[in-house]
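Here are my notes on the model, as numbered points. Please read them with the structure open.

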Amino acid sequence: MNALAKIEKFQSVGQTELKQAPAVWPVPAELPAISIIGLGYVGAVSTACLAGLGHRVIGCDVDAIKAQQIADGVSPIHEKNLGEMLKEGVEAELISATTDVADAVSKTDITFVSVGTPTSEDGGCDYRYIVSAARAIGEGLRRKEGYHVVVMRCSIPPATTMNVMVPEIEAASGLKMGDDFGVCFNPEFLREGTAIEDFDNPPKTVIGANDERAADMLAQVYAPVDENVILTSIEVAEMVKYVDNVWHATKVCFANEIGRVCKPLEIDSHQVMNIFVQDTKLNLSPYYLKPGFAYGGSCLPKEVRAVAHLADNLGVETPLINSLAETNDKQIETATEMVRNSGGKRIGFLGLAFKPGTDDLRESPILEVINTLIEEGYDCQAHDPAINADTRVDNQFSYVRHVCPHLEPVVNALPNLLTDDPLSMIDDCDVVVVTQGGEKMREIVSARFGRAKIVDLVRLFDAAPEVATYEGIGW
Ligand SMILES: NC(=O)c1ccc[n+]([C@@H]2O[C@H](COP(=O)([O-])OP(=O)(O)OC[C@H]3O[C@@H](n4cnc5c(N)ncnc54)[C@H](O)[C@@H]3O)[C@@H](O)[C@H]2O)c1
């Protein structure tokens, strides 16, 4: 069973099931002792804050000066209140520090790893510090008895914990993950400058684990500041950290492009964005943030073009906004390639409009896919619950012909492709491309599941079916 499958049984969002599960392992009489490897921005703050929760903490760093500073209760970095907290921890005899990582590991129950993960020469991740930390952890585990939890906190490419760190620990310790020690990935979301405040009021606490005992021990450490930890697999947790930061960077660049466009227009960008952020239904919300098919319809493509054009006329560069059409086209190409790779020749489309509940075909991205496939000789049919023989689509056809003249083949073919009978269409096809979600589509697909290959562009089912005849566009 792979790591992702193993976690499935206790994968949950919010209150974890683990807390209700009967404890089958010995619960430590006192709070577990924690070693922290790497005393930089993350490690130094964790040392102070975990001691603040009452844990005995041993900080470790290969840099003897940093280790000495922590041992003296002096902050090695500039961070509000950190010096005071470290001093209190040292005075309470909860904080100590060393350069001997293996020794620290052998004297504790949980090890947090927060060594640096700089960019390597090829642009990837430099694993050097992780590997040396993992070897030292292995040595420490060899010297100790009892179960131990290793908590990875570094920002790393997905699968690094399992493929890089765990094999090194197992090789150095001669122990087996799952039996002798557990591993969690616990991404760090604290902002420099307000890190201690954020530790006490975390935006979220994510624990990636494939071992219930390890996840439970770590959840108990965080319980005083966050009772609602989010439990998931190690790989999802690793990816979450990257996705968060890429999203933050995207937001910064987006807001800055809006500022650059607003300024020459003498429009106050801060007023614009203050109004923008008040929309938590569509703007700052899960809406539009689920991987799926390309954007389309009568508004988004037109207005993205309009803002790019406006910026161009103003002599303002907006590379992020300008790149949207390109990344959208990539998604259309990806969907087309999935159909080609399926090996089928008779293709059925469930949904023609850019979203369910409308007969608006203007700039519906699936028309691009169908157009390409028709030109390549595929035999296409389509069903859309909102479009039938009586639907007046002539005006839309003239719009499509005007805005996207290259779509002439699909516009001409559409009247003959449309069917009112989706089940017969599926019976007749090698591949069915699902372009709209909703109960109706789920019923149609479920009624004929396994008949034709499914190319799902909308994540029709919460859990993607794990069968060879099903493929999702981004999952
Ligand atoms: N700085 C942040 O705000 C932040 C936030 C979230 C995640 N992260 C991630 O956390 C990790 C640590 O970041 P940081 O900013 O604290 O790094 P940092 O460079 O400030 O500190 C890393 C420390 O690890 C020590 N170290 C390296 N190898 C070691 C080893 N084998 N044994 C013991 N100590 C060792 C170094 O001497 C250094 O003091 C990185 O993966 C980073 O991407 C950082």
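1. Helix α2 is followed by G54, whose phi is positive, near 105°. Helices here are DSSP runs of H or I with at least four residues, strands are runs of E with at least two, and both are numbered from the N terminus. α2 covers residues 41-52, 12 residues in total. From first C-alpha to last, α2 reaches 17 Å, close to the 16 Å expected at 1.5 Å a residue. That expected span is 1.5 Å times one less than the number of residues.

2. The model is predicted; local features need pLDDT of at least 70, side-chain atom pairs count only at pLDDT 80 or more, and totals for chains, interfaces and linings use all residues. Residues are numbered from 1 along each chain as its sequence is written.

3. How many of the 12 residues of α2 are buried? The count is 11 of the 12, so α2 is largely enclosed by the rest of the structure. Among them are V42, V45, C49 and L50. A residue is buried if 20 or more other C-beta atoms lie within 10 Å of its own, exposed if 12 or fewer, and partly exposed in between, with C-beta atoms placed from the backbone.

4. α2 also matters for the ligand shell: α2 and α6 (128-143) each supply at least two of its residues. The ligand is surrounded by 25 residues, and the closest are G38, G40, G116, C154 and S155. The shell divides into 11 nonpolar, eight polar and six charged residues. Nonpolar takes in Ala, Val, Leu, Ile, Met, Phe, Trp, Tyr, Cys and Pro; charged takes in Asp, Glu, Lys and Arg; the others, Gly among them, are polar.

5. Check two non-glycine residues with positive phi. N81 has phi near 70° and sits in the loop between α3 (64-71) and α4 (82-91). N81 is partly exposed, with 14 other C-beta atoms within 10 Å. E363 has phi near 55° and lies in the loop between β9 (346-350) and α14. E363 is buried, with 23 other C-beta atoms within 10 Å.

6. Which residue of α15 belongs with E363? Q396 is in helix α15. Q396 and E363 are 33 residues apart in sequence and 9.5 Å apart in space, C-alpha to C-alpha. Q396 is buried too, with 21 other C-beta atoms within 10 Å. Beyond its neighbours within four places in sequence, Q396 is in contact with L361 and R362. Contact means C-beta atoms, placed from the backbone, within 7 Å.7. V410, V411 and L414 are buried. Seen down the axis, the buried residues of α16 fall within an arc of 100°, so they line one face of the helix. The arc is that of the directions from the helix axis to the C-beta atoms. N412 and N416 are exposed on the other side of α16. What covers the buried residues of α16 includes α14 (365-375) and α15 (394-403).

7. For the whole chain, the secondary structure comes to 18 helices and 13 strands. Buried residues make up 37% of the 475 residues. The C-alpha atoms fill a box of roughly 80 × 60 × 40 Å, taken along the principal axes. Of the contacts with a separation of 6 or more, 70% join residues 24 or more positions apart.

8. The chain is divided into domain 1 (3-234), domain 2 (244-325) and domain 3 (326-472). These bounds come from an automatic or database domain assignment. The centres of domain 1 and domain 3, taken over C-alpha atoms, are separated by 48 Å.

How values were computed: Two residues are in contact if their C-beta atoms, placed from the backbone, lie within 7 Å. A residue is near a molecule or strand if its C-beta atom, placed from the backbone, lies within 6 Å of it.
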